[in-house]
Amino acid sequence: MIDVETLRKDFPILEREINGQKIVYFDNAASSQKPVQVVERMRDFYYNTYANVHRGVHTLSQEASEQYEEAHAVVASLIGTKKDEIVFTMGTTDSINMLAHGIEPLIGEGDEIITTVMEHHSNYLPWKFLSKRKKAKLKIIDVDEDGRLDYTQLENLVTQRTRIVAVCHMSNVTGFITNVEKVAKIAHETEAYVVVDGAQSVPHLPVNVKKLDIDFMAFSGHKMLGPTGIGVLYGKKDLLKELTPYRYGGGMISRVTLSEVEFQDVPWRLEAGTPNIVQAVGLAEAVKYLKKVGMENIESHEKQLVKKTLTLIQEELKEKIKIVGPLNPQERGGLVTFTVKGLDHHTVASLLDAYGIMVRSGKHCAHPLHERLGLEGTVRASFYLYNTEHEVERFIQALTEIVGTVD
Amino acid sequence: MRAKKIDLTIQPEGCVNPPIVRLTRAIRELKQGEEIEVIYKEDLIPLKTLQLLSRKYGLSLIQISSNKCILKREES
């Protein structure tokens with residue numbers, strides 16, 4: 001169990017008042033707040049250790065290099081792998097684009113890439129344009145009316161020509177949690193690689209890439225208490241070695257002549273140029289924070305908040321509010337997306353903001369899913385470890401007043 | 001002083017800067033004695049909803065016609 005009241009003291013921003021009320025930050029699926037430990041770690045690194053990594057013989061560079069490399073190991077430990085399978089990127093979008101570029105030579109005309117209708121654009125567009133470039137077929141798995149993935153359709157779509165199956169672990173709209181192990185089992189009956197968008201799962205659930213038996217996974221630091229500008233591409237080591245580098249430059253090579261290039265081993269060969277050193281150190285501190293709280297505890301805390309939100313909406317606002325996604329909290333992660341009868345999603349979010357409650361409205365970079373579910377736009381409240389049941393009650397109270405203005 | 005005018009009935013293409021966001025931004029910038037003229041449509045955003053919004057920001061709302069109202073930050 002999480003001692004939320006104690007933990008909230010690590011997040012000074014939560015004390016801020018907007019429009020005369022203490023803020024309720026329910027926009028965690030877009031980006032999370034940062035604890036003092038992460039900010040202080042980065043400040044301390046800048047004040048006492050900062051230098052460029054890998055290229056210096058001096059003390060600061062060596063210390064910075066050690067801590068940058070250690071950051072890989074810390075992040076790896078969160079998802080059950082080792083540091084040489086962790087490539088630092090700028091974020092999930094960057095990771096998937098790096099992968100789609102790197103894997104391009106392995107895709108031939110007529111090969112197949114499978115993804116789903118519920119993807120964030122960052123796990124749809126890179127595959128769409130890769131398939132276009134390579135004249136490969138892009139196949140899309142459908143969802144049901146509550147946003148559940150159709151695994152039977154996946155079984156039917158996978159063939160010996162399938163090279164990639166790219167799915168999100170958790171939908172950023174419906175909160176639906178994909179049974180990734182099942183997807184991997186189906187995909188690995190062929191030689192397809194399984195790519196998982198973990199942007200919404202890694203910050204909120206225990207994830208072990210080895211148990212899931214996936215080939216690649218992408219996630220972002222800023223959604224998991226870390227800074228912006230840092231993300232991760234996990235890949236099985238042998239597969240990372242196969243990827244064509246996305247960027248060429250310093251730090252990735254062991255020897256260059258005018259006629260030859262010898263690359264470093266992974267992950268360095270995929271991290272050309274000066275990396276986001278301080279952000280990596282900050283992300284590692286965020287991971288330590290999350291591990292201290294416990295991923296199982298975070299998952300169970302968020303499920304409790306989701307359960308309370310769904311129950312209160314069902315009991316008190318059912319006539320005016322339609323929940324998007326499965327109603328069973330066990331099938332979903334820590335967010336609740338909805339529409340309000342008679343009010344546009346941006347209007348609802350703007351009104352909630354007047355109550356000091358921060359939510360997100362729109363299509364959440366998942367236009368195909370909104371189109372599939374017949375939605376113009378939605379409002380999304382997304383939770384994290386520092387949110388409380390009291391905040392959920394404030395949210396429901398505000399929603400009750402808002403929907404009360406519509407006849 | 002000329003009142004700022006925001007038309008909530010014009011819905012832009014895409015997801016950038018919807019009129020309700022322009023309205024709330026204008027409300028936050030509103031100084032004492034200043035007002036905003038709001039054009040609305042009851043089936044898009046009911047007057048009662050605008051009344052709630054103005055109340056939350058401590059503004060007065062004066063209905064001018066069936067599709068027009070004034071939000072004002074009164075002098076204290």
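Biologist: Where does Asp213(A) lie in chain A?

Modeller: Asp213(A) sits in the loop between helix H8 (209-212) and strand S9 (216-220) of chain A. Helices (H or I, at least four residues) and strands (E, at least two) are DSSP runs, numbered from the N terminus. A word on ground rules: this is a predicted model, where local features need pLDDT of at least 70, side-chain atom pairs count only at pLDDT 80 or more, and totals for chains, interfaces and linings use all residues. Residues are numbered from 1 along each chain as its sequence is written, chains are lettered from A and ligands numbered from 1 in the order in which they are written, and side-chain values use heavy atoms, with hydrogens and water left out.

Biologist: What is phi of Asp213(A) near?

Modeller: Phi is near 55° there, a positive value in a residue other than glycine. His364(A) also has phi near 55°, and lies in the loop between strand S16 (360-362) and helix H13 (367-372) of chain A.

Biologist: Is His364(A) buried or exposed?

Modeller: Buried means under 20% relative accessible area, exposed over 50%, partly exposed in between (1.4 Å probe, protein chains only). His364(A) has 8%, so it is buried; Asp213(A), with 37%, is partly exposed.

Biologist: Which peptide bond is cis?

Modeller: The one joining Val266(A) and Pro267(A), with omega about 5°. Pro267(A) is in the loop between strand S12 (261-263) and helix H10 (277-293) of chain A.

Biologist: On to chain B. What is the strand order in the open sheet of four strands?

Modeller: Strands of a sheet pair through backbone hydrogen bonds, either parallel or antiparallel. Here, two strands pair if DSSP finds at least two bridges between them. In chain B the order is S1-S2-S4-S3, with mixed pairing. Strand S1 (4-7) and strand S3 (60-65) of chain B are the edges, each pairing on one side only.

Biologist: How many bridges join strand S2 to strand S4 of chain B?

Modeller: Five, between residues 35-39 and residues 68-72 of chain B, and these strands run antiparallel. Within that pair, Ile36(B) stands opposite Leu71(B).

Biologist: Which strands does helix H1 of chain B lie across?

Modeller: Contact means heavy atoms within 4.5 Å. Axes are lines fitted to C-alpha atoms, for helices over the stretch in contact, and angles run from 0 to 180 degrees between N-to-C directions. Helix H1 (residues 19-29) of chain B lies across S1, S2 and S4 of chain B, at about 155° to S1(B). Helix H2 (residues 47-56) of chain B lies across S2, S3 and S4 of chain B, running at about 150° to S3(B).
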